[in-house]
Structures are given as structure tokens and as C-alpha cells.
Amino acid sequence: QVQLVESGGGLVQPGGSLRLSCAASRSMFSLYVMAWYRQAPGKQRELVAGITTGGSTNYADSVRGRFTVSRDNAKNTVYLQMNSLKPEDTAVYYCNAARDIWSYWGQGTQVTVSS
């Protein structure tokens, strides 16, 4: 099993920045595809950003150019740097780790973008 612990969420004004972190409890972290999802009230959970075992990244159109996903395999941690935040970014953000048929989720961290 993989335990995922998230941190970095909070309240920020439009145009501000936040950095989310997701730390995995297990070794072999480098074998997992890591991703960030978010879910706003009344909406479907959506993929925000992902990073493969090879370091390739992908982003939702709504965040491309503003968000950056990265991973530090030595620290078993994935990050989501969020810049130029908009009210539409308000959601619970979830970390996900996937390998073959296995998928693990973090507890979620609230990000609120408001004046």
C-alpha cells in the first residue's frame, strides 16, 4: 500500500501562488505515475496535472502555463506549483499514485482562491 500525505493548501487571493506537496510513504516511488486531481462542489473530479515515471508531464487546458507538476523521487514527493491562481481554481486537490492496476489517493487538501 501507498500512503499519500498532502500539504500546502489554503486560502489565497486571485493572482497569488501556492505549492502543494504530496509525500508517499513507500519506496519504489519512481515506479508510480503521479497526478493531481481536483474536485469543486457539484462538479466531476478532473485531472489537473500528471507526471509519468519518465518525467513526462501533462496538464489540463485550464491550468497549462500556470501550474507546474514535478517529482523528487529521492524524497518520494510530488509537487504542484500553482501560479496566477483564479477563483475557478477553488477546489479540493487530490494526489494520486498509480502503478499497473493499483491506484492510491491522498486525503485531499482545500485550495480556496478568493478576494
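This is a predicted model: local features need pLDDT of at least 70, side-chain atom pairs count only at pLDDT 80 or more; totals for chains, interfaces and linings use all residues.
Trainee: Which residues have the most contacts inside the largest nonpolar core?

Mentor: The largest nonpolar core has 31 residues, and those with the most contacts inside it are Leu 4, Met 34, Trp 36, Val 78, Leu 80, Met 82 and Tyr 93. The elements that contribute two or more residues to this core are strands S3 (18-24), S4 (33-39), S5 (46-51), S7 (67-72), S8 (77-82), S9 (91-99) and S11 (109-113).

Trainee: And what does Tyr 93 touch, if we skip residues up to four places away in sequence?

Mentor: Leaving those out, Tyr 93 is in contact with Glu 6, Leu 20, Trp 36, Tyr 37, Arg 38, Val 48, Phe 67, Leu 80, Met 82, Gly 108, Thr 109 and Val 111. Among these partners, Trp 36, Leu 80 and Met 82 are also listed with the most contacts inside the core.

Trainee: Switching to cysteines, how many disulfides does a search of the whole structure find?

Mentor: The search finds one disulfide, and it joins Cys 22 to Cys 95 with an S to S distance of 2.1 Å. Because Cys 22 belongs to strand S3 and Cys 95 to strand S9, the pair ties together parts that are 73 residues apart in sequence.

Trainee: Is the link of Cys 22 and Cys 95 left-handed or right-handed, and is Cys 22 buried or exposed?

Mentor: The link is left-handed, with -85° about the S-S bond. Cys 22 is buried, at a relative accessible area of 0%, and Cys 95 is likewise buried, with a value of 0%.

Trainee: OK, new topic: how many aromatic pairs turn up in the whole structure?

Mentor: There are three aromatic pairs. In one of them, the rings of Tyr 94 and Trp 105 have centres 6.5 Å apart and planes at 85°, which is over 60 degrees, so the pair counts as edge-to-face. This pair links distant parts of the chain, since Tyr 94 sits in strand S9 and Trp 105 in strand S10 (residues 102-105), eleven residues apart.

Trainee: Which residues form one aromatic cluster, and how accessible is Trp 105?

Mentor: The cluster is formed by Tyr 37, Tyr 94 and Trp 105. Trp 105 counts as partly exposed at 33% relative accessibility, whereas Tyr 94 is buried, with a relative accessible area of 18%.

Trainee: What lies over the face of Trp 105?

Mentor: Arg 45 does, at 3.9 Å from the ring centre.

How values were computed:
Residues are numbered from 1 along each chain as its sequence is written. Side-chain values use heavy atoms; hydrogens and water are left out. A nonpolar core is a set of buried Ala, Val, Leu, Ile, Met, Phe, Trp, Tyr and Cys residues joined through side-chain atoms within 4.5 Å. Buried means under 20% relative accessible area, exposed over 50%, partly exposed in between (1.4 Å probe, protein chains only). Helices (H or I, at least four residues) and strands (E, at least two) are DSSP runs, numbered from the N terminus. Contact means heavy atoms within 4.5 Å. A disulfide is a pair of cysteine sulfur atoms within 2.5 Å. Rings of Phe, Tyr and Trp (its six-membered ring) pair if their centres lie within 6.5 Å; planes under 30 degrees apart count as stacked, over 60 as edge-to-face and the rest as tilted. A charge sits over a ring if NZ of Lys or CZ of Arg is within 6 Å of the ring centre and within 35 degrees of the ring normal.
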